[in-house]
Amino acid sequence: MKTVRQIFEIAMSIADSLNGNGQAITGDNLEYQYRTPSIINMLQGELARRGKLFNIVNIDYQNKNTWQEEVLPDDFNEANKIIIFDSGVPYKSVKYYIEEKEIEIDGEMVKKKFIFLKSQRTGTIKIEYIPNPPYVTSIDDELSLSDEICTSVLPYGLTAMLFLDENSALASFCQQKFEENKEDTTSRLAPNVLEDIEEPYVDVYNEGY
């Protein structure tokens, strides 16, 4: 996971505001640091609305044709693709449904989302999902977003917003890069050979399960 600070330092590198050790110059950039968490929240919201955020969960599935229950990450919003990799070959042959349940954690009842999976194959099930972006308040907060988003999309958007008033040329360049890289961000689970896909996965709620 990347922190807000790591994204900030990439942004400062783009703006040529790092010292000889590759760290953001604290005195000159303190105001930028204060503004960064709010800007990151805004950029995450934009990416979420455009459907450009993807995270992946890996699940070991060993007993074919049986329902397997797994807890979903706290930032789970909705499943985008569910694919099982049998000996490295991807197949969309997974049925699933999602249910919210209360479980006890450290003596307290907490609501968690669970996914129930069933496949005719065994292997590694990869669930690509659209996350709810984590709300950050501090420069040292962690983001649960992919490295691609954290290193090639957010820094350009952040730089554009930070330098909008004092360096319009830099802000314009970074805004253009943000838009380009944002649009290039796509699903990471799309199989290369479409002929290898069997049946598409289905939500069992629609099949009367």
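Start with the aromatics, and with the rule for them: rings of Phe, Tyr and Trp (its six-membered ring) pair if their centres lie within 6.5 Å, with planes under 30 degrees apart counting as stacked, over 60 as edge-to-face and the rest as tilted. The count by that rule is five aromatic pairs.

Select Phe 76 and Tyr 129 to begin. Their ring centres are 5.4 Å apart and their planes sit at 40 degrees, so this pair is tilted. Phe 76 belongs to strand S4 (residues 76-86) and Tyr 129 to strand S8 (residues 123-131), so to speak a link between distant parts of the chain, 53 residues apart. Strands (E, at least two residues) and helices (H or I, at least four) are DSSP runs, numbered from the N terminus. Both Phe 76 and Tyr 129 are buried, where buried means under 20% relative accessible area, exposed over 50% and partly exposed in between (1.4 Å probe, protein chains only).

Next, pick Tyr 97 and Phe 116. Here the ring centres are 4.6 Å apart and the planes at 5 degrees, so the pair is stacked. Tyr 97 is in strand S6 (residues 94-105) and Phe 116 in strand S7 (residues 108-119), so the pair ties together parts 19 residues apart in sequence. Phe 116 has 10% relative accessibility, so it counts as buried.

A word on what you're looking at. The model is predicted, so local features need pLDDT of at least 70 and side-chain atom pairs count only at pLDDT 80 or more, while totals for chains, interfaces and linings use all residues. Residues are numbered from 1 along each chain as its sequence is written, and side-chain values use heavy atoms, with hydrogens and water left out.

Charges over rings come next; the test is NZ of Lys or CZ of Arg within 6 Å of the ring centre and within 35 degrees of the ring normal. Show Arg 121 and you'll find its charged end over the ring of Tyr 91, 3.7 Å from the centre. Then show Lys 177, which lies over the face of Tyr 156 at 5.7 Å from the ring centre.

Now colour helix H5 (residues 168-184). Its 17 residues reach 24 Å from first C-alpha to last, close to the 24 Å expected at 1.5 Å a residue (the expected span is 1.5 Å times one less than the number of residues). Which residues of H5 are buried? They are Leu 170, Ala 171, Cys 174, Phe 178, Asn 181 and Lys 182. These cover an arc of only 100 degrees around the axis, which puts them on the same side of H5; the arc is that of the directions from the helix axis to the C-beta atoms. Turn to the face away from the buried side for the exposed Ser 168, Ala 169 and Asp 184.

Last stop: the loops. Most residues other than glycine have a negative phi. Asn 65, in the loop between strand S2 (55-61) and strand S3 (68-71), has a positive phi of about 65 degrees. Ser 87, in the loop between S4 and strand S5 (89-91), has one of about 55 degrees.
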